[in-house]
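The sequence and structure are shown first.

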Amino acid sequence: MRSVPFTRPTLIAAVELLEQHSQARFNQMVLRLGLEDEISTSTSLSVANKCALLGRIVVQRADAVLDTLEGSMTLGEAVIRQAAQLAQQHATHALQTAFARGLARDGYVLTWDDYGRNASIRAALPGDIQLPQTDDEVHQLLKSFGFTTPLGHLDQAIEAHTRGDWAACNSQLRTFLESLFDDIARNVRP
């Protein structure tokens, strides 16, 4: 996602949020992270104690690269993403608040799907240009003129940008502009 690692307070807040897992779910996560040799799957060890072990490992080896279903990423980012999956949209408990603040200090925000169930992280966008209002206006205009192809390319470009996939974002923006000009030309002279 990015070259600068997440800060220590954010990593620790993420690990603390992971205490919400049950034994089985925590053990599955440890297996996905490839840490089964360092963290016991025994149920005699509480999830809180396992989180303490995980916290030590993550702080020491946050930059270690591992393969996940989403692709290669650092151990720190993988733990952050695992914690984000536990976040709830309107939760106000201290652990999630600390996690969200840590992400904000590192330049990220939690976002939820349309149903408010699945959380993920994305790069924070500058608030001083009122991007959400501007973005909504562009989407409204594209929809009102029936420019569905450019709208799809714009959405893909925004998604690629939030993932930090700059090459894909540039490609989609180029395609967005081309399809926008094509649709405008068709609209002017059918």
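A residue counts as buried when its relative accessible area is under 20%. In this predicted model, the residues of helix α1 (residues 8–17) that are buried are T10, L11, A13, A14, V15 and L17. These buried residues pack against α3, α4 (75–84) and α5 (94–106).

**Packing of α2 and α3**

Two packed helices are described by the angle between their axes and the distance between the axes. For helices α2 and α3, the angle is about 20° and the axes lie 10 Å apart. Angles under 35 degrees count as roughly parallel, and α2 and α3 are therefore roughly parallel to each other. The crossing of α2 past α3 is left-handed. The residues that meet are listed below for each helix.

| Helix | Range | Residues in the contact |
|---|---|---|
| α2 | residues 23–33 | Q23, F26, N27, M29 and L33 |
| α3 | residues 47–60 | V47, K50, C51 and L54 |

By class, this contact of α2 with α3 comprises 6 nonpolar, 2 polar and 1 charged residues.

**Nonpolar cores**

The largest nonpolar core has 36 residues, of which L18, F26, L54 and F99 touch the most other members. At least two residues of this core come from each of α1, α2, α3, α4, α5, β3 (108–112) and β4 (119–123). The greatest contribution is that of α4, with 6 residues. Leaving aside residues up to four places away in sequence, L54 touches V15, L18, F26, M29, L33, L35 and I39. Another core, of 6 residues, lies apart from the largest one and includes F147, L154, F176 and L180.

Note on methods: Residues numbered from 1 in each chain as written. Predicted model: local features only at pLDDT ≥ 70, side-chain atom pairs only at ≥ 80, totals over all residues. Heavy atoms only, no water. Axes fitted to C-alpha atoms, helices over the stretch in contact; angles between N-to-C directions. Helix = DSSP H or I, 4+ residues; strand = E, 2+ residues; numbered from the N terminus. Parallel < 35°, antiparallel > 145°, perpendicular 65-115°, else oblique. Left-handed = near helix turned anticlockwise from the far one by under 90°. Contact = heavy atoms within 4.5 Å. Nonpolar A, V, L, I, M, F, W, Y, C, P; charged D, E, K, R; others polar. Buried < 20%, exposed > 50% of the residue type's maximum accessible area, 1.4 Å probe, protein only. Core = buried A, V, L, I, M, F, W, Y, C linked by side-chain atoms within 4.5 Å.
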